[in-house]
Amino acid sequence: MRVVVATGNAGKVREIEEALGGLGWSLTGLNGISLPEETGTTYEENAALKACAAAMMARSPALADDSGLEVAALDGQPGVYSARFGGRASDLERNVYLLERLRGQADRRAKFVSVVILAYPDGHLETYRGELSGTLLEGPRGENGFGYDPLFVPDGEARTLAEMTVAEKRAISHRGRALAALMQAHRGGPPA
Ligand code: ITT
């Protein structure tokens with residue numbers, strides 16, 4: 001089955017390709033398809049917007065991920081708005097902004113959420129969700145991954161997500177869990 005990976009985020013592409021390697025699907029990029037504005041207020045709405053638009057344009061199944069970081073001390077912000085947190089343009093600037101917002105804050109708990117949707121051109125949707133709880137450091141550590149990974153230490157781990165390989169992150173992460181559920185559902189082959 002040919003599946004369009006409907007994301008403009010290179011970090012997500014790496015993780016999705018690594019996770020789904022065993023399915024034997026042919027994963028392709030957006031190839032000029034532009035994703036719609038994320039006007040939803042939930043991960044599910046935004047993932048569906050992206051996956052459906054790509055599936056309709058490409059006339060083939062398309063997979064999208066909408067995800068975010070929910071910080072306890074910020075009442076769950078930035079959540080669905082993680083990619084635009086504080087209006088900051090880059091991962092580095094958003095990490096600096098997040099550290100500023102948490103300066104002096106003892107409660108460093110946070111949670112990553114990922115919703116993966118596989119959409120078919122006929123409008124059928126499959127939805128998978130994964131979460132990962134952890135704590136935020138007071139400074140970055142590690143060079144791998146993307147986004148808030150250098151600040152985030154998963155519960156039960158000593159390293160940040162940015163100090164892990166793609167496979168190590170996948171084994172425990174929000175996106176890894178959502179994609180594992182998708183793999184489970186498709187074991188035995190994709191639907192016709
Ligand atoms: P697409 O919409 O093109 O897929 P995006 O980066 O805009 O790319 P989102 O709207 O889902 O994707 O925003 C999710 C943001 O949450 C992302 O840009 C990161 O800042 C953060 N994020 C999500 N998953 C993450 C992860 O595994 N590690 C670090 N940060 C993550």
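Predicted model: local features only at pLDDT ≥ 70, side-chain atom pairs only at ≥ 80, totals over all residues.
**Stop 1: two helices**

Select residues 10–20, which form helix α1, and residues 174–185, which form helix α5. The two helices pack with their axes 10 Å apart, at an angle of about 35 degrees. The crossing of α1 past α5 is right-handed.

Now show the side chains where the helices meet. On α1, select Glu15, Ile16, Ala19 and Leu20. On α5, select Arg175, Gly176, Leu179 and Met183. Coloured by class, this contact shows 5 nonpolar residues, 1 polar residue and 2 charged residues.

**Stop 2: the annotated residues**

Next, select Glu37 and Asp66, which an unreviewed UniProt entry annotates as "binding site".

Start with Glu37. Follow the chain from β2 (26–28) towards α2 (43–58), and Glu37 is in the loop between them. Is Glu37 buried or exposed? Glu37 is exposed, because its count of other C-beta atoms within 10 Å is 8, and a residue with 12 or fewer is exposed.

Move on to Asp66, in strand β3, residues 62–71. Asp66 counts as buried because it has 25 C-beta neighbours inside 10 Å, where 20 or more are needed.

Key. Residues numbered from 1 in each chain as written. Axes fitted to C-alpha atoms, helices over the stretch in contact; angles between N-to-C directions. Helix = DSSP H or I, 4+ residues; strand = E, 2+ residues; numbered from the N terminus. Left-handed = near helix turned anticlockwise from the far one by under 90°. Contact = placed C-beta atoms within 7 Å. Nonpolar A, V, L, I, M, F, W, Y, C, P; charged D, E, K, R; others polar. UniProt positions renumbered as here; feature names shortened; annotations may be inferred.
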